[in-house]
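Here is a short note for a colleague who is meeting this structure for the first time. Please read the points with the model open beside them.

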Amino acid sequence: PNSLDLPEDAPQETIAAWIPVRPTSPTDPVPDVSTLRFVDSSEASRFAMAKRAEEHAAARWLVEYLLLKSGREPNLFKIERDDHRRPRLVGPNAPSLTITHSGGFAAVALGPKGVDIGLDLEPVTLRPRNLLCMMSSGEERAELECLYDLDEVAASSHTTDVWVAKEAIQKAAGLGMGLPPQSFEVFGRNVIDIGIANCNHIFNIHRWKAILNGQLTSLAIAEKV
């Protein structure tokens, strides 16, 4: 595992780490990962591809690693999923939890108890312009479209940053794609106000870039306040 250096303004008492995921091919047999501490055997039995099993196992192993690193006894905790399938740690003074995997590695963050956080990351690569209709709308989409007219490389980088920030908010909100990425804007903003179920919810976004596994990677942590 590798410690993930967080920005100075990230939520206090938050620690994070990342680890490469063992590479697989589509024809590889699905490994049995059910013996890992935080893997649910019934969930593991439904993995259809080796890639999914390896990503799941790497992230769950990181949960145990971070609990130990923060001075907690992993045997006292378990992971449960809520109604939207967001994983949560259950145990004494359980920290908040967020998990992500992309680009050949997995990452996990543990945050303060009772604070909803979301971590996401994506390698910075060229991204086709037609992604914008699936992830953005309104003024935000117009600004990104203008960037593509000027510089595809810069526009791709900004598009990655926007996608990562939105994924982080979706995780902090606990709704995943139940909160459509086209329904809110993050471009050029660090504080996001979103109406969810007739209530306003405010999220702080903390963004940065790092080299992970030899790749320039865009990262974001969202914190519900």
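1. Strands here are DSSP runs of E of at least two residues, numbered from the N terminus. With that numbering, Asn213 sits in the loop between strand 9 (199-212) and strand 10 (215-224). The model is predicted. Phi of Asn213 is near 55°, a positive value in a residue other than glycine. Asn213 is partly exposed, and its relative accessible area is 41%.

2. Asn93 is another residue to look at. Its phi is positive, about 50°, although Asn93 is not a glycine. The loop that holds Asn93 runs between strand 4 (87-90) and strand 5. Is Asn93 buried or exposed? Asn93 is exposed, with a relative accessible area of 56%; the cut-off for exposed is over 50%.

3. Four strands make an open sheet in the order 1-2-6-5, and the pairing is antiparallel. Strand 1 (2-3) and strand 5 (96-102) are the edge strands. Each of these two pairs on one side only.

4. Take the pairings in turn. Strand 1 and strand 2 (residues 15-20) are antiparallel and share 2 bridges. Here Asn2 stands opposite Trp18 of strand 2. Strand 2 is joined to strand 6 by 6 bridges, again in the antiparallel sense. Ile15 faces Leu110 of strand 6 across this pairing.

5. Strand 5 and strand 6 run antiparallel and are joined by 7 bridges.

6. How many residues of strand 6 are buried? The count is 7 of the 7, so strand 6 is largely enclosed by the rest of the structure. In a regular strand, side chains alternate between the two faces of the sheet. In strand 6, Phe105, Ala107, Ala109 and Gly111 point one way. Ala106, Val108 and Leu110 point the other way. Residues of both sets are buried.

7. A helix covers this sheet. Helix 2 (residues 50-69) lies across strand 1, strand 2, strand 5 and strand 6 (105-111). Helix 2 runs at about 35° to strand 6.

8. Next, a helix pair. Two packed helices are described by the angle between their axes and the distance between the axes. For helix 4 (residues 138-150) and helix 5 (residues 152-173), the axes come within 6 Å and cross at roughly 155°. That makes helix 4 roughly antiparallel to helix 5, because angles over 145 degrees count as roughly antiparallel. The crossing of helix 4 and helix 5 is left-handed.

9. Which residues make the contact of helix 4 with helix 5? Helix 4 supplies Glu140, Leu144, Leu147, Tyr148 and Leu150. Helix 5 supplies Glu152, Ala155, Ser156, His158, Thr159, Val162 and Lys166. By class, the residues of this contact are 6 nonpolar, 3 polar and 3 charged.

10. One more residue of helix 5 deserves a check: Asp161. Asp161 is buried, with a relative accessible area of 16%; buried means under 20%. Leaving aside residues up to four places away in sequence, Asp161 touches Arg207, Lys209 and Ser218.

Conventions
Residues numbered from 1 in each chain as written. Predicted model: local features only at pLDDT ≥ 70, side-chain atom pairs only at ≥ 80, totals over all residues. Heavy atoms only, no water. Axes fitted to C-alpha atoms, helices over the stretch in contact; angles between N-to-C directions. Parallel < 35°, antiparallel > 145°, perpendicular 65-115°, else oblique. Left-handed = near helix turned anticlockwise from the far one by under 90°. Contact = heavy atoms within 4.5 Å. Nonpolar A, V, L, I, M, F, W, Y, C, P; charged D, E, K, R; others polar. Pairing = 2+ DSSP bridges. Buried < 20%, exposed > 50% of the residue type's maximum accessible area, 1.4 Å probe, protein only.
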